[in-house]
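Here is a briefing for a reader who is new to this structure. Look through the sequence and the model, then read the points by topic.

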Amino acid sequence: MDKNTSAIKLSEVYKAFGKNQVLKGINLDIKSGEIFGFLGPNGAGKTTTIRVILDIFRSDKGFIEIFGISNQKIKKSHSLIGYLSSEMILDNDLTGEQYLKYINSRYNGDFMANAEVLANILKVRLNKKIGKLSNGNRQKIGLISALMHNPKLLILDEPTQGFDPIIQQTFIKLIQQFKRKGGTVFMSSHILAEVQELCDRVGFIKDGSIIGLKTVKELRASARKKVTIWADGNDLEKIKYQHKSLPGLHFISESVDNMVLGYSGDINKLTKYLSSKNIDDITITEPELDEIFLDLYSGGDEV
Amino acid sequence: MRTMATKILFQKKMLIFWWFLGIFTITTFTMYFFPVFKNGTLSSSIASLPLSLQKLLGDKASWTTVGGYISQQIFALRAPLEISVLSIFIFNSLTTGDERKGLLETQLSLTNGRTRILINKLIAGIFIVGIVTSAVLAGVILGDILIHYHYSYIKTLIITTNCLLLVLDFGLVAFLVGCMTGRNGVAVGIASIYAFGSYLVSSMAGTVSSLKFIDNFSLFHYYQNLATFDLGNLIVMCGFGLFCIVMGMLFFSLRDIRTSS
């Protein structure tokens with residue numbers, strides 16, 4: 001699949017439930033082969049966007065394409081998709097094997113061998129009734145059903161809720177493997193470490209609008225670095241009163257022997273600025289995605 | 001389990017078994033008591049009752065002839081109402097039940113379009129109600145054998161088919177409302193009120209003249225618990241069912257699915 005092909009394309013998608021306008025003109029273009037993280041606080045419209053993409057909810061306006069196929073042509077478009085949600089409900093009265101055999105019958109080809117391999121990797125027993133499995137194991141069956149037919153696109157809505165840390169790592173490996181084979185992933189998640197580890201690009205949604213689209217690399221570069229300076233009390237005071245002379249440098253906090261500043265801008269200018277100060281030690285740390293995320297949502301600015 | 005319909009049938013196999021067994025047993029027992037009523041004093045007492053009461057309980061022929069007994073005591077009320085309960089329950093469970101549990105969302109995330117999902121559910125529902133209704137036929141036949149009376153199997157099959165159409169139509173009311181609203185209580189409520197209301201109106205319309213017009217909207221008015229097919233009634237019954245199916249599909253294709261969260 002050509003890297004420039006759109007795996008998912010949403011153009012001016014609106015969705016309201018009664019008077020509550022949940023999606024307000026969403027535009028997204030997810031390229032084939034990328035892992036796209038879809039982030040936002042609860043109620044921002046992440047799950048609604050996913051459900052509109054899957055045609056579970058019908059959009060009021062706009063159009064949606066999956067690999068150039070309208071999302072309402074279910075048989076064609078959904079055969080390319082694997083879907084997993086944290087709230088996915090499976091047939092509790094079937095065993096894992098019976099359920100996966102049914103899923104297998106939905107697609108052209110026999111993918112049961114894939115399902116068995118995935119079941120071994122995820123260490124889940126397929127001979128038990130789904131209703132008697134733990135949430136985590138039910139989620140594993142859901143993940144197998146999403147991956148077994150070798151889809152081109154994975155749509156994941158908070159996929160690792162219920163997974164223990166070991167299985168979370170296995171999940172990350174499976175997704176990385178999927179990407180290496182050319183697969184595209186669209187995932188919403190609250191686990192930012194997971195997004196940071198997996199995603200090429202992230203989109204932020206707030207109150208039904210996309211407020212930012214960046215690669216993880218760009219986001220980190222544009223985000224404030226955390227600068228911690230250790231110095232004597234007097235020197236710290238001087239830095240505190242003079243820090244505004246360098247654009248992009250912000251005061252965050254201070255203690256007896258150190259001060260924390262935030263900086264966004266050219267790192268050379270920062271080092272030049274700091275070299276003129278009398279300091280004992282310094283650390284400059286990259287912001288974690290969750291810090292950027294919180295920063296973004298508390299400020300509400302466009303990224 | 002190659003299709004959703006076969007998966008549903010597999011999942012509902014115990015329900016089908018127990019309902020079949022229940023209806024079969026009740027029908028066989030009802031048949032088994034025919035000689036007691038025929039030879040007892042009940043039939044002569046019935047003849048002395050007012051016509052309106054005879055409409056409810058059955059006239060003398062319905063207690064003294066095997067054909068009348070099957071028609072009145074099995075197919076007039078008992079079988080249609082018992083199987084209507086199942087029919088409403090099953091069509092509701094397949095539509096709003098799956099939607100309420102969140103299963104419909106999972107089904108729609110696969111390669112199943114909305115129309116295809118509904119067609120599969122319809123096929124499964126019709127098949128389940130059909131199998132359970134056939135328990136009446138089987139019960140009548142076994143009852144005939146046990147009491148050493150014979151009533152034409154073809155005639156019994158014709159009445160059973162009429163009964164099947166009636167109970168399917170009540171189930172399809174639940175299907176239509178379920179497809180329109182996705183709401184469990186509303187679908188069961190409206191279908192049940194319509195089924196029981198239909199029976200009440202049609203059973204009383206013979207004696208209460210003011211109910212005669214309303215009776216035209218009752219499915220029991222078009223239901224024949226007799227061993228004949230009336231083309232006009234068949235058209236109404238089949239047309240009503242088709243209307244529910246088409247409208248259900250139309251509404252279902254336009255609305256949002258209710259999700260688990």
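This is a predicted model: local features need pLDDT of at least 70, side-chain atom pairs count only at pLDDT 80 or more; totals for chains, interfaces and linings use all residues.

Residues are numbered from 1 along each chain as its sequence is written, while chains are lettered from A and ligands numbered from 1 in the order in which they are written.

- Two residues are in contact if their C-beta atoms, placed from the backbone, lie within 7 Å.
- Helices (H or I, at least four residues) and strands (E, at least two) are DSSP runs, numbered from the N terminus.

**The six-stranded sheet of chain A**

- An open sheet of six strands runs in the order β6-β7-β8-β3-β9-β10 (chain A), with mixed pairing. Two strands pair if DSSP finds at least two bridges between them.
- β6 (81-85) and β10 (209-215) of chain A are the edge strands; each has a single partner strand, so one side of each is left without a neighbour in the sheet.
- Axes are lines fitted to C-alpha atoms, for helices over the stretch in contact, and angles run from 0 to 180 degrees between N-to-C directions.
- Strand β3 (residues 35-39) of chain A pairs with β8(A) in the parallel sense over four bridges. Here Phe36(A) stands opposite Phe186(A).
- Strand β7 (residues 153-157) of chain A also runs parallel to β8(A), joined by five bridges. Leu153(A) has Thr184(A) as its bridge partner.
- Strand β9 (residues 201-206) of chain A and β10(A) pair in the antiparallel sense over six bridges. Phe204(A) stands opposite Gly212(A).

**What covers this sheet**

- Strand β8 (residues 184-188) of chain A has five of its five residues buried. A residue is buried if 20 or more other C-beta atoms lie within 10 Å of its own, exposed if 12 or fewer, and partly exposed in between, with C-beta atoms placed from the backbone.
- In a regular strand the side chains alternate between the two faces of the sheet.
- Thr184(A), Phe186(A) and Ser188(A) are buried on one side of β8(A), and Val185(A) and Met187(A) on the other.
- α6(A) lies across β3, β7 and β8 of chain A, at about 145° to β8(A).
- Helix α5 (residues 135-147) of chain A lies across β6 and β7 of chain A, at about 165° to β6(A).

**Thr47(A)**

- Thr47(A) is in helix α1 (residues 46-53) of chain A.
- Thr47(A) is buried, because 23 other C-beta atoms lie within 10 Å.
- Leaving out residues up to four places away in sequence, Thr47(A) touches Asp157(A) and Ser188(A).

**The four-stranded sheet of chain A**

- An open sheet of four strands has the order β12-β13-β11-β14 (chain A), with antiparallel pairing.
- β12 (249-254) and β14 (281-285) of chain A stand at its edges, each with a single partner strand.
- Strand β11 (residues 225-230) and strand β13 (residues 258-263) of chain A pair in the antiparallel sense over six bridges. Lys226(A) has Gly262(A) as its bridge partner.

**Chain B**

- In all, 20 residues of chain B are in contact with 24 residues of chain A.
- α9(B) supplies the largest share of the chain B side, five residues.
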